[in-house]
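Trainee: I would like to go through the terms used for a structure. Please show it, and I will ask what each term rests on.

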Amino acid sequence: MIPKIHKRGQRTIGLLYYLYGPGNYEEHTDPHLVASWDDNAPDPGRDAGATLKQLQRLLDQPVDAVDATERPKKHVWHLSVRNAAEDRILTDEEWGDVARRMVAASGIDEPEQGAGCRWVAVRHADDHIHIIATLVREDGYKPKLNNDAARVQAQARALEKELGLRQLNKGDGTAAKRPTSAERHKAQRHGRERTAREELRETVRDAVAGATNEEEFFNRLAAADLLIHKRVAPSGDLLGYKVALLDDLNKDGKPVYYPGARLAPDLSLPRIRERWSTDPPGHDDAPARSRPHRTAFARRRAATAAWQALILIDHSADEVAAAFIAATGEVLDALAQTSAAYTRRELREAARAFERASRSHVRAERGHDHALRQAARDLVRSGPAPGRGEDGATTAMVIDMLFFLITAAAHWHAKRDHAQQAAAARQAAEHLRTAYQHAAVQPLNALDRRGRKLSRPMRQRQTTVLHQALPELAERILAEPGWRALAATLADAAAAGHDPAALLTDVAGRRELDSAESLSDVLVWRLRRAAGLPAYTTSSPPHGRPAERAGRRTQQPAQPTKNGSPRQLL
């Protein structure tokens with residue numbers, strides 16, 4: 001249930017004409033009263049003898065009775081109350097009770113004192129009502145409406161439980177502004193799936209992801225074909241900006257601009273500058289790489305940054321954790337805009353959901369998030385990933401790491417009673433889970449085939465390693481379909497000179513595994529990232545004793561691949 005207090009007005013009759021009329025798009029059906037201040041107000045919708053003018057005069061009577069100097073300049077109070085699309089349809093009696101509870105909660109009516117304002121509740125659709133009130137009480141005093149928006153929201157949460165409706169999470173005032181009904185109808189008329197406000201918010205967030213200065217930020221906005229208007233002080237200093245879509249015009253044919261702060265609280269220019277102010281000099285330290293390996297390197301770096309943040313988030317000060325969470329949003333935005341088509345949709349939905357989780361009243365202490373912001377920058381600069389081979393495998397690796405980081409962010413928010421943010425993070429995690437399933441199929445199948453080719457002694461060796469490192473989880477992992485891929489990875493780690501049991505113990509103990517659907521999958525990516533192993537490989541499984549292979553490797557430098565890139569990316 002969503003109550004919304006609209007801007008106050010001056011003409012009672014004008015609002016009544018709208019509520020009882022057909023609506024801007026013929027959407028109003030059967031307008032009628034469901035409740036009023038005395039339950040006896042005339043209803044022009046059901047009573048042929050009643051008129052809108054008659055109802056308006058009754059509503060305005062207390063206002064007209066006071067001296068003109070005491071009247072409010074804008075005396076019309078307007079509240080709409082809307083249910084979710086999946087909610088059951090309430091009866092007129094139920095909506096009437098909702099209206100009485102809302103006016104009492106807001107301060108419009110005070111039933112115990114018997115001296116409230118005059119009001120009526122109009123229903124012209126199945127899913128919502130409108131309450132109109134005039135802001136002079138029967139005793140001539142003005143109502144006390146301080147914090148009325150918060151009070152009606154609290155009443156809505158109580159009504160949701162009582163009426164069995166969808167229960168929304170309590171907000172904290174840090175959410176981005178929702179599109180207005182006019183913006184939604186305009187998008188529908190122009191055949192857009194999303195409003196201009198939503199498209200601009202997403203485009204600006206993409207431009208911010210990993211950007212290091214104003215020039216780069218505004219160049220990205222221009223490259224996205226946005227119209228940009230900069231607000232400049234007489235001194236020449238840049239104060240702010242606003243953006244518009246090329247084809248989003250007002251009735252006069254001029255572009256409709258939105259300031260950054262109106263798109264989201266953290267998209268104002270001062271808040272964006274906070275991200276850059278703590279970047280160390282020369283921080284763009286990504287080494288030059290050939291195009292085929294640049295995307296894979298960027299994803300490996302993002303996976304490492306996510307893993308480091310995951311380890312630290314629960315043990316950091318709130319301001320530092322908030323910076324990690326905000327920067328995670330940048331990594332998601334960057335990953336979504338550079339991923340292959342088969343994962344892009346779910347990654348984009350994850351980024352849209354996590355946008356709400358990236359802000360709270362805890363102000364981020366920037367600087368600690370450098371690794372994540374650099375990872376976002378690397379992702380953007382690396383360009384679109386082909387989606388196969390090492391690029392596709394490292395995409396699965398970073399999605400896996402981000403899933404656990406975002407799950408940790410959901411827990412962090414929940415502990416601090418950030419209900420909306422926690423719910424948004426959980427929703428983002430579910431989209432990531434689906435994206436991972438698309439991205440991981442090919443690389444895990446390749447590892448599975450390599451695991452099948454392991455000799456019997458080698459398979460037994462990896463089983464012993466598993467029991468040694470994770471005795472309580474070993475049987476569960478051995479029963480999973482992904483065990484063969486994990487066995488191949490353990491063999492690769494041993495061939496690379498690592499102690500596979502120690503490495504497995506370390507990566508499993510650094511962070512919980514409870515939220516994993518497949519323990520073996522998670523451990524594969526953690527091991528391959530920690531050991532610097534290629535994420536995707538179709539080569540034959542290693543043979544011989546690990547110590548012998550390690551000795552041979554230390555005597556010979558790593559050989560480049562055909563295109564000249566080293567085998568290990570990190």
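Mentor: Start with α6 and helix α12 (residues 341-357), which pack at about 95 degrees with their axes 12 Å apart. Helices (H or I, at least four residues) and strands (E, at least two) are DSSP runs, numbered from the N terminus. This is a predicted model, where local features need pLDDT of at least 70, side-chain atom pairs count only at pLDDT 80 or more, and totals for chains, interfaces and linings use all residues. Residues are numbered from 1 along each chain as its sequence is written, and side-chain values use heavy atoms, leaving out hydrogens and water.

Trainee: Why is α6 called roughly perpendicular to α12?

Mentor: Angles under 35 degrees count as roughly parallel, over 145 as roughly antiparallel, 65 to 115 as roughly perpendicular and the rest as oblique. The angle is about 95 degrees, so α6 is roughly perpendicular to α12. Axes are lines fitted to C-alpha atoms, for helices over the stretch in contact, and angles run from 0 to 180 degrees between N-to-C directions.

Trainee: Which residues make the contact?

Mentor: Contact means heavy atoms within 4.5 Å. From α6 come Arg201, Glu202, Arg205 and Asp206, and from α12 come Arg348, Arg352 and Glu355.

Trainee: What classes do the residues in the contact of α6 with α12 belong to?

Mentor: Asp, Glu, Lys and Arg count as charged, Ala, Val, Leu, Ile, Met, Phe, Trp, Tyr, Cys and Pro as nonpolar, and the others, Gly among them, as polar. The contact has 7 charged residues, no nonpolar and no polar ones.

Trainee: What makes β6 and β7 a pair?

Mentor: Two strands pair if DSSP finds at least two bridges between them. β6 and strand β7 (residues 238-245) have 7 bridges, in the antiparallel sense.
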